[in-house]
Every structure is written in structure tokens, then in C-alpha cells.
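Thanks for coming. Please have the sequence and the model open.

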Amino acid sequence: MMGLMPSEETRTMTPPTVRTSAAHDAGKAGGASTRAWTMRLLVLGIVLSALNLRPAITSLGALLEEVRDGLGMSGSVAGLLTSVPPLCFAVFGVMAPRLARRFGAGAVVCAGMAAIATGLLIRPYAGGTAGFLAGSALALMGIAVSNVLMPVIVKHWFPDRVGSMTGLYSMALALGTALAAAVTVPLTDTLGGSWQTGLVLWAGLAVAAVVPWLPFVRGRATPPGAGEQAAETASQGQASTEHARLAPRLRMARSRTAWALAVFFGLQATAAYITMGWMAQIFRDAGVPAGTAGLLLAVTMVMGVPLAFVIPRLATRLPHQGPIVLALGVCGLAGYAGLYLAPAAGAWAWAVLLGVANCAFPLALTMVGMRARTGPGVARLSAFAQSTGYLISIPGPLLVGVLYQHSGGWGLPIALMSALMIPQMAVGFLAGRDRTVEDEAAR
């Protein structure tokens with residue numbers, strides 16, 4: 001009501017032209033206020049969503065031995081379980097752009113958070129390995145579509161802050177990953193020692209992440225005031241039309257940069273999921289207590305909190321991101337060498353080094369936003385790089401489980417991890433070159 005009073009006074013005291021101007025100014029002020037709150041809500045939604053993109057995986061990694069015993073899994077089946085995340089990301093991630101075009105990116109992310117919550121609620125109590133896998137797949141489906149759409153949402157809503165927003169999102173993702181690794185075992189012990197209780201706790205965080213996206217369910221993720229902004233930028237209409245015309249014709253398979261980014265994404269995902277699924281077990285087999293092994297995994301994950309904010313900002317200021325790729329790769333090789341030579345004696349150092357190496361993920365997300373000029377281009381590149389990359393990463397965790405079971409130790413699995421780091425550095429260097437997929441895929 002208070003907002004209506006000035007307009008009433010203006011109607012009796014000012015000429016029509018002034019009244020029109022005052023109403024227009026009030027409308028602009030109201031629109032600016034609405035937009036500010038919408039942007040705050042969107043940032044909250046991005047942060048809460050990012051917090052939920054890894055606990056389903058790292059909480060399982062911390063309790064993998066208990067889950068294996070409880071469900072009667074062999075090492076090979078456990079390896080299959082650690083390969084489920086990249087498989088689901090590849091299969092369901094490719095659907096994300098189409099779903100976003102039909103329902104809006106915000107609505108799809110909201111549904112993704114609901115799927116995560118539901119999957120985490122049912123998987124510990126589904127009964128048997130098959131039910132556990134089905135519940136995990138449902139949660140991972142929600143993670144998959146959100147993985148793909150986060151760079152799209154950032155590019156659409158924050159086109160002038162891609163680096164800082166990607167850093168914020170990546171930092172929250174790393175925080176959620178580390179938190180699940182660090183507290184799952186202590187919380188499980190506190191609540192009675194049941195691995196089912198330790199895993200189901202994380203559904204509550206996913207439920208909280210649904211709430212900020214509810215206002216975005218009914219419409220597409222279009223910034224408030226988009227009509228005014230479009231009018232103000234009408235002079236750029238011809239260029240936008242050209243971009244829109246080219247975007248549907250993009251064929252990512254024809255872009256060398258897209259392929260390099262996809263392979264880089266796949267190899268870093270291989271390393272990340274091997275780390276999340278097996279590193280705690282490596283330390284436990286070396287004589288480290290279960291709680292300490294969980295903390296070591298948490299240290300690896302928490303390294304991404306500060307670095308995931310710094311690396312994207314640094315990457316957007318460099319013409320070539322290859323040197324960052326090489327630096328991260330060297331840290332990974334050093335960490336694997338330490339795991340092989342002295343896994344228990346230098347455990348904290350190896351956890352830190354591998355945590356630095358895992359920051360290839362926020363770097364890959366940043367390069368997705370930098371290697372395409374348009375929103376549709378980012379959506380297509382994100383879906384191609386992530387879906388293809390996760391397909392590439394599927395055999396890695398499974399092969400580690402097979403090698404571990406048949407060799408009886410961690411020498412061969414660690415050798416495999418080290419060998420994969422070399423091509424990761426090579427293709428990452430190529431993906432870091434200053435070029436866009438529109439110039440390659442539209443030819």
C-alpha cells in the first residue's frame with residue numbers, strides 16, 4: 001500500500017506527462033528490486049545445488065567397505081558401483097539441453113535436486129545390490145542434468161561474471177564433496193554405526209536445494225527486465241540473429257577443440273571418481289584408521305574450495321589455459337608417486353597434492369564457458385564435453401576394482417592412474433588454446 005501513495009499524490013498534483021514519467025520511474029524501481037531479489041535467489045540456488053553434486057558419491061566412498069560387507073559385494077562389483085556415476089552422467093547429461101529448451105533450465109535443475117533427494121532416501125533401504133544401484137542411478141540422474149546446465153545458467157544470467165560465478169559454484173561443489181567425505185564416518189558412528197543411516201542423511205541437503213528453484217519452475221530462466229534489455233540492445237539484433245541461426249547447426253563432433261575438451265573432461269573425471277571411490281580404501285589398506293582415511297579424502301576434496309575460486313578467475317585472464325593444466329598434472333603425478341612409495345607415512349601430503357590435481361574439474365567447466373561465444377553454443381559444448389567425457393571415464397574406476405581384486409594390492413591401480421595423467425595433460429593443453437567451437441563446428 002505504501003508503494004501506491006506517491007502515485008495517488010502525483011495524479012492530483014502533476015500534469016499527465018509528469019504522471020507518466022513518475023509511473024515509469026516507479027515501475028523501473030520495482031523491476032530493479034524484483035531483479036535484485038531474483039538474482040540473490042538464483043545465487044542461493046546455484047550454491048545449494050553445487051553442494052549436492054558430490055555427497056552422493058563421496059559419502060559412499062567413505063563407507064565403501066561397510067557397504068560392500070553389508071551387500072556382499074566383491075571388489076569387481078564395487079568397481080562397477082564406482083563406475084555408475086560417470087555412466088549416469090553420460091547417459092542422462094546429454095538429455096539436459098533438450099529438457100532445458102522445453103521446460104526451462106531452472107525447472108530442470110529443480111527436478112534434478114528432487115531426484116537427488118529421492119534417490120538418496122531410497123537407496124540404503126532398497127534391499128540388495130540391484131536396489132542400491134537403482135537408487136544411486138536416480139540420484140545421479142539429477143546430478144547429471146544439473147552438471148550440464150550449471151555452466152549454461154551461469155552464462156545466461158551472469159555473462160560478464162563467468163569466471164567468478166563458476167568459481168563460486170565450483171567452490172561450493174568442492175565444499176559439499178569434502179564435507180561428505182569428512183563427516184559421514186563420524187556421523188555414522190554417532191548415530192549407531194549403521195551405514196544406511198550414514199548415507200541417508202545427505203538427502204536432507206538435497207531437499208533444501210529444491211526450494212530456491214521453485215520460483216523458476218513455471219517459466220524459462222529469463223532474467224527480469226529482459227524485454228527492456230532487449231530494447232536497449234536492439235542495435236545488436238542482427239548479430240544475435242546470426243548467432244541463433246548458427247547455433248542449431250553446430251556439430252561438435254567436427255570441432256577439434258570440443259573433442260580435446262571432452263577427452264580432458266573424461267580423463268580428469270576418471271581421476272576424480274577413482275579418488276572419490278577408492279582413495280579412502282587405499283589409506284585403510286595401508287593401515288590408516290577408517291576415520292582418518294575419511295579425513296584424508298576430505299582434505300583432498302577441500303583443496304578445491306579455495307582453488308576452485310581462484311583457478312577459474314585466473315583462467316579467464318589468460319589467453320591460454322594450458323600452463324594451468326600442466327601444473328595440476330604435475331601435482332597429480334607427485335601424489336600418485338607418494339601413494340605408491342609411502343601411502344601411510346606421507347598420507348597428508350599425498351592428499352593435498354591429489355586435491356590440487358582434482359581442480360582440473362573447475363578448470364574444465366571454465367573452459368566450457370570460454371570455448372563458445374553464445375549461450376546455445378555453451379549448452380551444446382557442455383552437453384557434448386560432459387556426456388562424451390563421462391563415457392570415457394566409465395572404465396577407469398571399474399578397471400581399478402578389477403586390478404585391485406586380481407593383483408591383491410594397489411601397485412597396478414596406482415600405475416594406471418599415473419599413466420592416465422599424461423594424456424590428460426596433453427589434451428588439456430590443446431583444449432586451453434584461445435579459440436571457439438563456433439569457428440570450427442559451424443564450418
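The largest nonpolar core in this predicted model has 128 residues. Which of them touch the most other members? Those are Ile46, Val67, Trp213, Phe264 and Leu363. By element, helix H14 gives the most to this core, with 18 residues. As general background, nonpolar side chains in soluble globular proteins tend to be buried together.

Take Phe264 as a way into the core. Leaving out residues up to four places away in sequence, Phe264 touches Val325, Ala360, Leu363, Ala364, Met367, Gln424, Val427 and Gly428. Leu363 in that list is also one of the residues that touch the most other core members.

That brings us to helix H19, residues 360-370. How much of H19 is covered? Of its 11 residues, 10 are buried. The buried ones are Ala360, Phe361, Pro362, Leu363, Ala364, Leu365, Thr366, Met367, Val368 and Gly369.

H19 packs against helix H16, residues 304-317, at an angle of about 35°, and the two axes are 9 Å apart. The crossing of H16 and H19 is right-handed. On the H16 side, the contact uses Ala308, Ile311, Pro312, Ala315 and Thr316. On the H19 side, it uses Pro362, Leu363, Thr366 and Met370. By type, the residues of this contact are seven nonpolar and two polar, with no charged ones.

Now back to H14, which spans residues 256-285, and its packing with helix H3, residues 55-62. Their axes come within 8 Å and cross at roughly 20°. Why do we call H3 roughly parallel to H14? Because angles under 35 degrees count as roughly parallel, and this crossing is at roughly 20°. The H3 and H14 crossing is right-handed.

From H3, the contact involves Ile57, Thr58, Gly61 and Ala62. From H14, Tyr273, Met276, Gly277, Ala280 and Arg284 take part.

Last, the chain as a whole. How many helices and strands does it have? There are 23 helices and zero strands. The protein chain has 443 residues, and 52% of them count as buried. For contacts with a separation of 6 or more, 84% are between residues 24 or more positions apart.

That is what I have. Questions are welcome.

Notes:
Residues numbered from 1 in each chain as written. Predicted model: local features only at pLDDT ≥ 70, side-chain atom pairs only at ≥ 80, totals over all residues. Heavy atoms only, no water. Axes fitted to C-alpha atoms, helices over the stretch in contact; angles between N-to-C directions. Helix = DSSP H or I, 4+ residues; strand = E, 2+ residues; numbered from the N terminus. Parallel < 35°, antiparallel > 145°, perpendicular 65-115°, else oblique. Left-handed = near helix turned anticlockwise from the far one by under 90°. Contact = heavy atoms within 4.5 Å. Core = buried A, V, L, I, M, F, W, Y, C linked by side-chain atoms within 4.5 Å. Buried < 20%, exposed > 50% of the residue type's maximum accessible area, 1.4 Å probe, protein only. Nonpolar A, V, L, I, M, F, W, Y, C, P; charged D, E, K, R; others polar.
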